[in-house]
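Let's take a friendly walk through one protein model, starting with a pair of side chains and zooming out from there. Keep the 3D view open while you read.

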Amino acid sequence: MPTLAPAISSSRSLFTRRQALAASAAALGVAAWALPSVARAQGDGKPLRVILPLSAGSGADGAIRAISNSLSKALGQPVVIENLPGAGGITGTAQIVRAPKDGSVIGVVSNNHVVNPSVYKNIPFDSLADITPITILGATPFVLVAHPGVPAKTVQELIAYAKSKPGVLNYGSSGNGTILHLGAAMFVDQARLDIKHIPYRGMGPLMNDILGGQVQLGVVAVAPAAAHIKSGALRALGVTTGSRVASLPGVPTIAEQGLPGFELDGWIAPVGPAGLSKAELARLYNGFKAAMEMPEAHDALIAQGYEIKLTPPEQAAAFFKSEAARMAQVVKNANVKVD
């Protein structure tokens, strides 16, 4: 694929052409991001700073780092990734919403961004009004797993066993209020079970203790769990997505095992601060789109277990609103609390 970065000497003519295209598009009612992307001149020396309000080694961190070189090529500028974890993503997101509105700083958020308003009492920003969604980049499926010591091979068998021994089983999560906590809490609530929650600090400790049998159950990402499921160290009871997952074709969905409507995945989304100009929004969206057309970025994201989405900005904004409302209802129904 030819590079999208123009030569410095031709930047003025390209900008003029861009203005003409934009004017024509405005007259026709065409969305700005439907226009061809114009990369920044390589010589301006300004990198794109990407804030991740998540820890290094997380799924979103790995995904963005895997595509960063392609994104840099597509945008014609260096990409610098900065991890600012803390308080369920609130610490880093606070920096995103305060960033300059010139497209020099963006962030990549996950499900927790729309969950936090329902589980934290005080957040120093509005999770919807203070951001500009650029796209939903991709989503990864989750799976309900059990330690082999649990005498259940299906969701229905687990429900029957748990109801016969109320308060005996426990499930772990990657932390209070995280999407993995909500996934398991959704299951417990919809199946009307009495299962205790044990929060961990991250996916790694959670996986270690499910494998070791310190906790019996958990909802985890499919990609890091797949090898353990194949070896028999973990038992997959049901995937959380609306349809079956290609990497676990023999594992039915939770919905088809008696909990209709159960659906959840882990998505990641680049966002800018509120007030990002239409021109910058278009440039950034087209940059991500062009990057994901490069085999190295596309294949890297697929290898990490992501389904590529790349929704246009207006669809991403609508998705944020609908997911915030849905997660608020999940939190309320499952009585999820964060101390």
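Start with E256 and R244, whose side chains meet in a salt bridge at 2.9 Å, N to O. A salt bridge here is a side-chain nitrogen of Lys or Arg within 4 Å of a carboxyl oxygen of Asp or Glu. Both partners sit in the loop between β9 (235-239) and β10 (265-273), 12 residues apart. E256 is partly exposed, with a relative accessible area of 45%, and R244 is partly exposed at 45% too. On this scale, buried means under 20% relative accessible area, exposed means over 50%, and partly exposed is in between (1.4 Å probe, protein chains only).

A quick word on ground rules: this is a predicted model, where local features need pLDDT of at least 70, side-chain atom pairs count only at pLDDT 80 or more, and totals for chains, interfaces and linings use all residues. Residues are numbered from 1 along each chain as its sequence is written, and side-chain values use heavy atoms, with hydrogens and water left out.

How many salt bridges does the rule give? The count comes to seven. Side chains of opposite charge can pair when their charged atoms come close.

| Pair | N to O distance |
|---|---|
| E256 and R244 | 2.9 Å |
| E82 and R49 | 2.7 Å |
| E323 and R326 | 2.9 Å |

E82 and R49 form a salt bridge. This pair links distant parts of the chain: E82 is in strand β2 (residues 79-83) and R49 in strand β1 (residues 48-52), 33 residues apart. E82 counts as partly exposed at 28%, and R49 is partly exposed at 30%.

E323 and R326, on the other hand, both lie in helix α11 (residues 313-334), three residues apart, or about one turn of the helix. Is E323 buried or exposed? E323 is buried, with a relative accessible area of 8%, while R326 is partly exposed at 31%.

**The whole chain**

Zooming out, the chain has 11 helices and 11 strands. These are DSSP runs numbered from the N terminus: helices are H or I with at least four residues, and strands are E with at least two. Of the 339 residues, 50% are buried.

**A strand with cover on both faces**

Now find strand β3 (residues 105-110). Six of its six residues are buried, so β3 is largely enclosed by the rest of the structure. V105, G107 and V109 are buried on one side, and I106, V108 and S110 on the other. Strands pair if DSSP finds at least two bridges between them. β3 pairs with β1 in the parallel sense over three bridges, and I51 has G107 as its bridge partner.

**The largest pocket**

β10 turns up again here: it gives the largest share of the lining of the largest pocket, three residues. A pocket is found on a 1 Å grid over the protein atoms alone, as an open set of points where a 1.4 Å probe fits, with protein on both sides within 12 Å along at least five of seven lines; lining residues have an atom within 4 Å of a point. The space in the largest pocket is about 1000 Å³. Of the 40 lining residues, the closest to its centre are L54, S58, G59, S174 and M203.

Technical notes. Points joined across faces, edges and corners; volume = space filled by probe spheres on them.
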